[in-house]
Amino acid sequence: MAVILCGCARQIKLPKEVCPGRNSVTDSRAALRADLQNVTSIKGHGQCTFRYLADNKKKKENFPVKIWAEPPGRIYLQGDVAFNARGIILGANQGEFWLLLRPKEISGYWWGQWAQSNQTLELVVSPEILLEVLGLAGLEEKGRWSLSNDGVFDILTKKDDSDRIVKKIYIYCCDYRIRRVEYFNGDEKIAAVVELAGYKKVSEGFALPYLIDIFSDRKDEGFQEINIRLSAVKPARFNEKQRRILFTRPGTKGFKNVYRVIDGEVFEQP
């Protein structure tokens, strides 16, 4: 099964074993919900590769990455880019999300409030996507869902009130873990794709994908690809001081370009 993204065909790596899928949306979502009941706070590290276009030239950054997360909805990811210990910072709490990028070609500060944003796909790296694929956002309840099956995958499709496709979730039937998520824009074109693999046990009943690939096609910046390879993740506990440091939006001092995200649009702040 091939898919088209940004004019390029990508081949989904299909598992060989075929297992029967679930019989209904209710059964499928119940299985996912059961897996999320054991989600826990984590800290981990790994390597990240960031590919993008700037000035019509292909660019690539490869750097160590650290991650801290606490459900529901708190995450902090830090990338050490070009000897800068905070070259990339991505974060979110239950009220806000933010992204700080210091590579000179795309330097900027983006932030928004969840209550004023339906999605964060317009960002180079989406806090919304990372929270979801790591199981830290809980199971999304809104929307109209349908279930289909394509070979080894159950596919959950979400539509909005206008009957437009918003999201497709591909679940491998044998272990019932999510292997791929497609996010759509208002024109029902794929805006971002996440592919997940290498699930490993973090704690009893809770496993995370150690291999995370994110692909997007932002019209203003060109093709973006983020590859995260986690090497170690373990359960964590955070005290109030650590929560304030990790999960509070940083100030904008030192950033020339500051943007606010509202309802899927990006506005430059003076």
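User: Which strand holds G108?

Analyst: G108 is found in strand 8, residues 108-113. Helices (H or I, at least four residues) and strands (E, at least two) are DSSP runs, numbered from the N terminus. This is a predicted model, in which local features need pLDDT of at least 70, side-chain atom pairs count only at pLDDT 80 or more, and totals for chains, interfaces and linings use all residues. Residues are numbered from 1 along each chain as its sequence is written, and side-chain values use heavy atoms, with hydrogens and water left out.

User: Why is G108 called buried?

Analyst: Buried means under 20% relative accessible area, exposed means over 50%, and partly exposed is in between (1.4 Å probe, protein chains only). G108 has 1% relative accessibility, so it counts as buried.

User: What is G108 in contact with, beyond four places in sequence?

Analyst: Contact means heavy atoms within 4.5 Å. By that rule G108 is in contact with L99, L100, L101, F255 and N257, leaving aside neighbours within four places in sequence. G108 and Y259 are 151 residues apart in sequence, yet their C-alpha atoms are 7.6 Å apart in space.

User: What makes the pair E96 and R249 a polar contact?

Analyst: A polar contact is a pair of N or O atoms within 3.5 Å; within protein, one must be able to donate a hydrogen and the other to accept it, and residues adjacent in sequence count only if both atoms are side-chain atoms. The side chains of E96 and R249 are joined by such a contact at 3.4 Å. Leaving aside neighbours within four places in sequence, E96 is also in contact with W111, G112, Q113 and W114.

User: Which residues of helix 1 are buried?

Analyst: They are V25, S28, R29, A31 and L32. These residues cover an arc of only 150° around the axis, which puts them on the same side of helix 1. The arc is that of the directions from the helix axis to the C-beta atoms. The buried residues of helix 1 pack against strand 9, strand 10, strand 11 and strand 12.

User: Which residues touch the most other members of the largest nonpolar core?

Analyst: A nonpolar core is a set of buried Ala, Val, Leu, Ile, Met, Phe, Trp, Tyr and Cys residues joined through side-chain atoms within 4.5 Å. Of the 52 residues in the largest one, I75, L130, V133, L134, V194, I212 and I228 touch the most other members. Apart from it lies another core of 12 residues, among them I89, Y109, F247 and V258.
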